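Please open the model in your viewer and keep the selection panel at hand. The stops below are meant to be followed in order.

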Amino acid sequence: MRESNVSLPRWLKLGFTLWIVLWAPTFAVMLGAQNYFWLCNLASFLILVGLWWEHRLLLSMQLLAVLLVGTLWGLDVLGAWLTGVHPIGGTEYMFDPDHPTLAKALSFYHLVLPLVAGFAVWRLGYVRRALLWQTVLTWVVVPLTFLFTATERNINWVHGPFGSPQDMLHPLVYLVGLMLAWPVVLYLPVHALMRLLQRRGVLR
């Protein structure tokens, strides 16, 4: 999957590796291993592999996973900080005094992942199959999250949108709807943007 005449800078690979070495065990101690079921947390590990392998498909997949999510996360935190109201929801923990301060600080990785994955895709190129394979990955991870993580954690929002539990739909009906909505709402717009940039010659 690597372009023969293009490579990623070593400083990016080493810097991101250092980040994972610091971030991963810290989150595990403070928040528990279940936290790694979050698709954005899983993306951190997959981006690391993609950087070292210079794997266009894997990096393209993770760009789909983090670009819109990271942008919305940042807008919600900013909106709540400026107005006291969460315009989107899902980042209430950033203002929870009981949530570990270090965990809050490390959560700003949501803003870093799109930059890292975006730079890598800009250098190596975008793979159209990323939409299919990231959807498949999501359809594997989301049911596993439902089965093996604590309900009160509501990881990947498998028990309700924006971090809040829902009781309007049967849990399995909601889960299927979530699995269908995730790629359409979060991945497809980014995929469309990448294809547009390719057609205009901005990306390979």
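Leaving aside neighbours within four places in sequence, with which residues is T135 in contact? Select T135 in this predicted model and display its surroundings: with those neighbours set aside, the contacts of T135 are P183 and Y187. T135 lies in helix α6, which spans residues 130–148. Its relative accessibility is 11%, below the 20% limit, so T135 counts as buried.

Remain in helix α6 and select L132. Here the relative accessibility is 53%, over the 50% limit, and L132 therefore counts as exposed.

Next, select helix α1 (residues 10–31) together with helix α2 (residues 39–53). Their axes are 10 Å apart and the packing angle is about 150°. Since this angle is over 145 degrees, α1 and α2 are roughly antiparallel. The crossing of α1 and α2 is left-handed. Show side chains at this contact: among those taking part are F16, W23 and F27 in α1, and F45, L48 and W52 in α2. The residues of this contact comprise twelve nonpolar, three polar and two charged.

Finally, colour the stretches that the unreviewed UniProt entry annotates as "transmembrane region", including 65–86 and 106–124. Residues 65–86 are 86% helix and 0% strand, with end C-alpha atoms 22 Å apart. Residues 106–124 are 89% helix and 0% strand, and there the end C-alpha atoms are 28 Å apart.

Notes
Residues are numbered from 1 along each chain as its sequence is written. This is a predicted model: local features need pLDDT of at least 70, side-chain atom pairs count only at pLDDT 80 or more; totals for chains, interfaces and linings use all residues. Side-chain values use heavy atoms; hydrogens and water are left out. Helices (H or I, at least four residues) and strands (E, at least two) are DSSP runs, numbered from the N terminus. Buried means under 20% relative accessible area, exposed over 50%, partly exposed in between (1.4 Å probe, protein chains only). Contact means heavy atoms within 4.5 Å. UniProt positions are given in the numbering used here, feature names are shortened, and annotations may be inferred rather than shown by experiment. Axes are lines fitted to C-alpha atoms, for helices over the stretch in contact, and angles run from 0 to 180 degrees between N-to-C directions. Angles under 35 degrees count as roughly parallel, over 145 as roughly antiparallel, 65 to 115 as roughly perpendicular and the rest as oblique. A crossing is left-handed if the near helix is turned anticlockwise from the far one by less than a right angle, and right-handed if clockwise. Ala, Val, Leu, Ile, Met, Phe, Trp, Tyr, Cys and Pro count as nonpolar, Asp, Glu, Lys and Arg as charged, and the others, Gly among them, as polar.
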